[in-house]
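The structure comes first, then the discussion.

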Amino acid sequence: MAKSEDCIPILQGLLVFGNVIIGMCGIALTAECIYFVSDPHGLYPLLEATENDGIYAAAWIGIFVGFALFALSILGIIGIIKSNRTLLLVYIILMLITFAFEMASCITAATHRDFLTPNLFLKQMLERYQKAEPANNNDQWMTEGVTKTWDKLMLQNHCCGVLGPSDWQEYTSAFRLTHYDADFPWPRKCCAMDAQGLPVNLDGCKLGVPGYYNSNGCYDAISGPVNTHAWGVAWFGFAILCWTFCVLLGTMFYWSGIEY
Amino acid sequence: LLPLLLLLLPAAHGEVKHVQYTPFLTKTPVLEGLTTGSTFVLEQPRCIFKDYSNADIWLVVALQKSSFNNSVAPGTAESAFQNFPDSVPAYMTLNATLANYPCPEHDGNITVLRVGSETSCIRDDARPTCNGPLPGPGPYLVKFLALKDSEPVAETDWSQPIMLRTAKSPNSISTTDEGHSAGMIALTTILSILFAILLAGLVAMLVFWGSDACGGSSTFSKPEAVTVRRYNTHHVYDQPAARL
């Protein structure tokens, strides 16, 4: 009897500590997902046009799950200190529902990240960049988004195309339909620009003289932020869930031992 | 006037000197746009025509070697860019003089000729010497021809066949056959197992609700409130009956 009476405060203390960590992680998850949803790198139009924006859905779920984790951790702390069976049962059931949602968020983020390959962005860029005749309003919205995003990407990151300027030569594109290959072997934004936003040497750019055009592809500039986003949501969520699993098992054990 | 002149002097032109030079695509610097879908970049023929200081040097672009006759005059319908390749087998463009190709070569600048760079005169019949974009992937053969007073006086060799780039359709890009990464599979598996264990734990909890299966009822119990009922053991109520 003496031994089990010593165990009670220890188990309670551990569970309270576990719930405090869950609460803090919930707030951190909410903050992280708000950051990703705010799209600091401006890549959302590209994902929206591929109709593959699952990582954004995962981040939205993450915002609400983080909040729920914080609220439920407070409920859990109260339930453990009061040793109240009803409160703890409600806590366990709601936590399981939150666990399921967070699991969905992690799996969605990881799965959709695997879809975002260079070929996907290449095909979308060729089909939509500066497309002249959009089919409907939605198409026009996506075309404008893709064109603006690519222009910004190529200017800021000094890159051209997905794998390089040869993307524009190897494949026909919507851009090629309205721009002569002789005048625009690749878009103007691929040229090295001066302070006024004009090409430093247009002939050098058209010839492809090293130094007067951007020879790198933009895929690294796209996949870096997208990877950070997807892995940040998926693996941080996974870590939280592993910890929550332990705390929930402990709470279930504690609950089953409370006198009613 | 020029075709008339050539008709009147059929075989009177002198020998066309053969200059030992083969036109080639620029080797230095390495150019990204060396060949595109409709243009290519030739090295300028510097120090080649040094004996022909007042000749016009023309570039001849043809699809087949045999089809071009040196007596064809530039700026006529027989050598017009607009008629190539439908009705003429070759065209002449990029008129220059020795002043444009000075010796020594490579004085620090890039010395190239971009064939196909003028897009403004593609359909302008008034400009038969247009340096327009090439109409197909080729292969094209080029040579330089020097004309003095409209008479050919020197020519270079024909170049090696020059193939231009052909572009594929973006529909040929496959976006679907990528597998799933190991990380995603591990994440899904582990989370599913954890969730299954938790659900099993919840079911076990609810099934054994109230029973003492784990730990005994006295493990986490609150202190028991013991109440003692007071028993009145004296039968005081029988005495009044005894007094009567």
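**Interface, sheet and backbone**

Q: How many residue pairs are in polar contact across the interface of chain B and chain A?
A: The model is predicted, and side-chain atom pairs count only at pLDDT 80 or more. With both residues held to pLDDT 80 or more, the rule finds polar contacts across the interface of chain B and chain A, and the number of residue pairs is 14.

Q: Which element gives the largest share of the side of chain B that touches chain A?
A: Strand S5 (112–115) and helix H2 (182–207) of chain B each supply at least two residues of that side. The largest share is 16 residues, and it comes from H2(B).

Q: How many charged residues are on the side of chain B that touches chain A, and how many salt bridges does the rule find across the interface?
A: By class, this side of chain B has 27 nonpolar and 26 polar residues, and the charged ones number seven. For salt bridges across the interface of chain B and chain A, the rule gives a count of zero.

Q: What area is buried between chain B and chain A?
A: The contact takes 60 residues from chain B and 60 residues from chain A. The size of an interface is often given as the accessible area lost when the parts come together. Carbon and sulfur atoms give 71% of the buried area, which is about 5,200 Å².

Q: How far apart are the end C-alpha atoms of residues 184–209 of chain B?
A: UniProt, in an unreviewed entry, places a "transmembrane region" at residues 184–209 of chain B. In the model this span is 92% helix and 0% strand, and its end C-alpha atoms are apart by 37 Å.

Q: What is the distance between the end C-alpha atoms of residues 57–81 of chain A?
A: For chain A, the unreviewed UniProt entry gives the annotation "transmembrane region" to residues 12–37, 57–81, 88–110 and 233–255. Residues 12–37 of chain A are 100% helix and 0% strand, with end C-alpha atoms 37 Å apart. Residues 57–81 of chain A are also 100% helix and 0% strand. Their end C-alpha atoms lie apart by 36 Å.

Q: Which residue in S4(B) is the bridge partner of Val60(B)?
A: Chain B has an open sheet of five strands with mixed pairing, in the order S1-S7-S6-S3-S4. Strand S1 (17–18) and strand S4 (90–96) of chain B are its edge strands, each pairing on one side only. Strand S3 (residues 56–62) of chain B runs antiparallel to S4(B), and five bridges join the two. In S4(B), the bridge partner of Val60(B) is Met92(B).

Q: Where in chain B are Pro85(B) and Pro139(B) found?
A: The peptide bond from Phe84(B) to Pro85(B) is cis, with omega near -5°. Another cis peptide bond joins Gly138(B) and Pro139(B), with omega about 0°. Pro85(B) is in the loop between S3 and S4 of chain B, and Pro139(B) is in the loop between S5 and strand S6 (141–148) of chain B.

Q: What is the phi of Cys47(B)?
A: Most residues other than glycine have a negative phi. Cys47(B) is in the loop between strand S2 (40–43) and S3 of chain B. Its phi is positive although the residue is not glycine, with a value near 60°.

Conventions:
Residues are numbered from 1 along each chain as its sequence is written. Chains are lettered from A and ligands numbered from 1 in the order in which they are written. This is a predicted model: local features need pLDDT of at least 70, side-chain atom pairs count only at pLDDT 80 or more; totals for chains, interfaces and linings use all residues. Side-chain values use heavy atoms; hydrogens and water are left out. Two strands pair if DSSP finds at least two bridges between them. Helices (H or I, at least four residues) and strands (E, at least two) are DSSP runs, numbered from the N terminus. Contact means heavy atoms within 4.5 Å. Buried area is the accessible area (1.4 Å probe) that two parts lose on being put together, summed over both. A salt bridge is a side-chain nitrogen of Lys or Arg within 4 Å of a carboxyl oxygen of Asp or Glu. A polar contact is a pair of N or O atoms within 3.5 Å; within protein, one must be able to donate a hydrogen and the other to accept it, and residues adjacent in sequence count only if both atoms are side-chain atoms. Ala, Val, Leu, Ile, Met, Phe, Trp, Tyr, Cys and Pro count as nonpolar, Asp, Glu, Lys and Arg as charged, and the others, Gly among them, as polar. UniProt positions are given in the numbering used here, feature names are shortened, and annotations may be inferred rather than shown by experiment.
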